[in-house]
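Reader: I have a two-part model to work through. Please show me how to read it, feature by feature.

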Amino acid sequence: MLSNPILKDIRNFFSYIFVWLIITAAYILILIYGEKISLEIAFADGLIFNILLAGFGLSYWYSAKYISFESSSMLKILISHMIGGVISVSLWLALGFFITNFLTSSTEEYSTFFINNFGWRFLVGLLFYFLIIAFYYLIIYYTNFQDKSLRENELKNLVTQAELKNLKFQINPHFIFNSLNSMSALTTIDPAKARSMILKLAEFLRYTLVNNDRQKNKLSEELNNIKLYLEIEKIRFEDKFDFNEEVAPESRDMLVPNMILQPLFENAIKHAVYESLEKVTLKFKSLVQNDFLNISLENNFDSTSENKSGSGIGLKNISERLKLIYGLNNLINVEKTEGIFKVNLYIPLSK
Amino acid sequence: MKNKITAAIIDDESLARQLIKKYLSYHTNIEVISECSNGFDAIKNINEEKPDLIFLDIQMPKINGFEMLELLENPPVIIFTTAYDQYALKAFEVNAVDYLLKPFSQERFDEALTKAFRYLENKPLQENKLSALVKLNDQRKDFLERIVVKDGQNISIIHLEKIRWIEAQDDYVMIHTHQKKYLKQKTMKYFEEHLNPKDFIRIHRSFIAAVKEVKKIEPVEKESYQIVLEDKITLPLSRTGYSKLKDFFK
């Protein structure tokens, strides 16, 4: 899991040493001017006790790490740290006293000084213990929090990716099977036409399947693929529909989500062309308006044979996809008036 | 077998019809007497020409293949030809002899024809064993989305939201909407099973009511109730119907 954050990074380590140098200096000054103690004792005591405490401070990491907030109750944590604090402070004082006593020449003077200040020292030791532990807890909390939000972000990304994948256009298998059936008929009736239809279907499938990983394509590329689709449907349904396009020249190279037009056209073909006995006209338009690329498809339909209620799955997918990609609502608008069906898409221009 | 077998091809795509004709050209005992590109034409044609056998697509403009069959006076022998595999169960429910998935080969087509010949020779047809089995196993119910009826020469498509109630009438049912009444040759049981029980409830042996139309339930006598619709029309409510409605509105 986590290793000691102070030792993990050389900069943190130097900061830690620096803070202790300041504390040590302050401590020595207090001893000299406050306590009026001899220089020798002040330096020995100050250096030894503070170096020891700095060392102990590093090891406090383990008590912070193993007594975690999530796994135990508040009371348990407090008691554990009280015990930990008393033990480590006692150890610190004992060690410090013996070392200092061993090193200084005036042992008697030092002993009285040490005993006089024992209570004060003990409290300061405990205070440091709790300060350092609190500092460690803060670090643990902060890193956990960062980890969590990082993981949450990753998860969110994954979900978005999956949703996008789900919403992405999938070729309608019936279109393929019906086309294959038509080709099968054409092989004897008109072999040349059969070949041309096979080539168109192959090109359409290649674009659709190969480009599936790409998020965005140029409008002109998408439109070319749509034309292949329409040409194939035209071989099947001869003069059941017409196609008009009005493409603003500056919109041709603009990027649109991959296969975003296909469900638009498929919807029109399925609900208007397949369902109508009359000829259907599909009108495609693209123009740049303010910060949006406006794409529209309009078709007439037979209002008497309004097909069931199951329409609009394709359009709903487009809407969801646009929302996920651009983070905006209302990028699709559907108008249905007397016998005319019109869908508008608003693609935000990337700057 | 007497003379030639007559056949009709019903498909909205001309190439699909041509392919069937091509496959049929190797069978000299069959004569194609009509070709139709939609269900409306097909009903008229079949009722007039009475072919022995039809090749029927399912997805067509206006009304689909199944809806068309419902409106035929004497349904001929049926071979479905479609790219959709999800209708196979339903196809056997209407006693189709075979279900050809597009694209299909000459061999597969000939197989279907052999079945059709056997069927035609053994007239009258006994109920297809397979269809009985299918009915038994059909757990998943596809509820109707609309109802097609023929009144006189016209064919009407009734959207379910327009229906107020359905009433038994001898061998028929009368479908009531705000504008009109339509007669349809089906049983109450059929509608009870094929209409979504969230929207329609069998309130009486002879009545099915649209839930949204019910405004009030009121007592008539002791232990006997009726329901009142928007414009004060009342329909009888049987005891089982009463408890069904009560459960529904709970």
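Author: Start with contact. Two residues are in contact if their C-beta atoms, placed from the backbone, lie within 7 Å. A residue is buried if 20 or more other C-beta atoms lie within 10 Å of its own. Keep in mind that this is a predicted model.

Reader: Which elements cover the buried residues of α6(A)?

Author: Among them are α3, α4 and α11 of chain A. The buried residues themselves are A:G125, A:F128, A:Y129, A:I132, A:I133, A:Y136 and A:L167.

Reader: How should I read the spacing in such a list?

Author: An α-helix has 3.6 residues a turn, so residues three or four places apart point the same way.

Reader: Now the overall make-up. How many helices and strands are there in chain A?

Author: Chain A has eleven helices and seven strands. Chain B has eight helices and 15 strands. Of the 351 residues of chain A, 26% count as buried. In chain B, buried residues make up 34% of 250.

Reader: What share of the contacts joins residues at least 24 apart?

Author: Count contacts between residues at least 6 apart in sequence. In chain A, 73% of them join residues at least 24 apart. For chain B, the share from residues 24 or more positions apart is 52%.

Reader: On to sheets. What is the strand order in the open sheet of chain A?

Author: The five strands run β2-β4-β5-β7-β6, with mixed pairing. Look at the edges. β2 (241-247) and β6 (332-337) of chain A each have a single partner strand, so one side of each lacks a neighbour in the sheet. From one strand to the next, the twist averages 15°. Helix α11 (residues 313-326) of chain A packs on this sheet, touching β6 and β7 (340-348). The direction of α11 makes about 155° with that of β6(A).

Reader: Where does the mixed pairing show up?

Author: Follow β4 (residues 280-289) of chain A. With β2(A), β4 pairs in the parallel sense over seven bridges. A:F241 stands opposite A:V280, and A:E246 opposite A:K285. With β5 (residues 292-300), β4(A) runs antiparallel, joined by eight bridges. There, A:L287 has A:N294 as its bridge partner.

Reader: Which residue takes a positive phi in the hairpin of β4(A) and β5(A)?

Author: A:N290, with a phi near 50°. This hairpin has two residues between the strands.

Reader: And side chains along a strand?

Author: In a regular strand the side chains alternate between the two faces of the sheet.

Reader: What pairing does the open five-stranded sheet of chain B have?

Author: Parallel, in the order β2-β1-β3-β4-β5. The edges are β2 (30-36) and β5 (98-101) of chain B; each has a single partner, so one side is left without a neighbour. Neighbouring strands are turned by 20° against each other on average, direction ignored. Six bridges pair β1 (residues 5-10) of chain B with β2(B). In that pair, B:A8 stands opposite B:S34. Helix α2 (residues 39-49) of chain B packs on the sheet, touching β1, β2 and β3 (53-56). The direction of α2 makes about 145° with that of β2(B).

Reader: How many residues of chain B are in contact with chain A?

Author: 17, and they meet 21 residues of chain A. Helix α1 (residues 14-24) of chain B gives the most to its side, with six residues. By class, the side of chain B divides into seven nonpolar, four polar and six charged residues.

Reader: Last, which residues have the most contacts inside the largest nonpolar core?

Author: B:I54, B:I79, B:I208 and B:A209, in a core of 97 residues. Helix α10 (residues 261-273) of chain A gives the largest share of this core, seven residues. A second, separate core has 19 residues, including A:A64, A:Y110, A:F128 and A:Y129.

Definitions and conventions
Residues are numbered from 1 along each chain as its sequence is written. Chains are lettered from A and ligands numbered from 1 in the order in which they are written. This is a predicted model: local features need pLDDT of at least 70, side-chain atom pairs count only at pLDDT 80 or more; totals for chains, interfaces and linings use all residues. Two strands pair if DSSP finds at least two bridges between them. Helices (H or I, at least four residues) and strands (E, at least two) are DSSP runs, numbered from the N terminus. Axes are lines fitted to C-alpha atoms, for helices over the stretch in contact, and angles run from 0 to 180 degrees between N-to-C directions. Ala, Val, Leu, Ile, Met, Phe, Trp, Tyr, Cys and Pro count as nonpolar, Asp, Glu, Lys and Arg as charged, and the others, Gly among them, as polar. A residue is buried if 20 or more other C-beta atoms lie within 10 Å of its own, exposed if 12 or fewer, and partly exposed in between; C-beta atoms are placed from the backbone. A nonpolar core is a set of buried Ala, Val, Leu, Ile, Met, Phe, Trp, Tyr and Cys residues joined through C-beta atoms within 7 Å.
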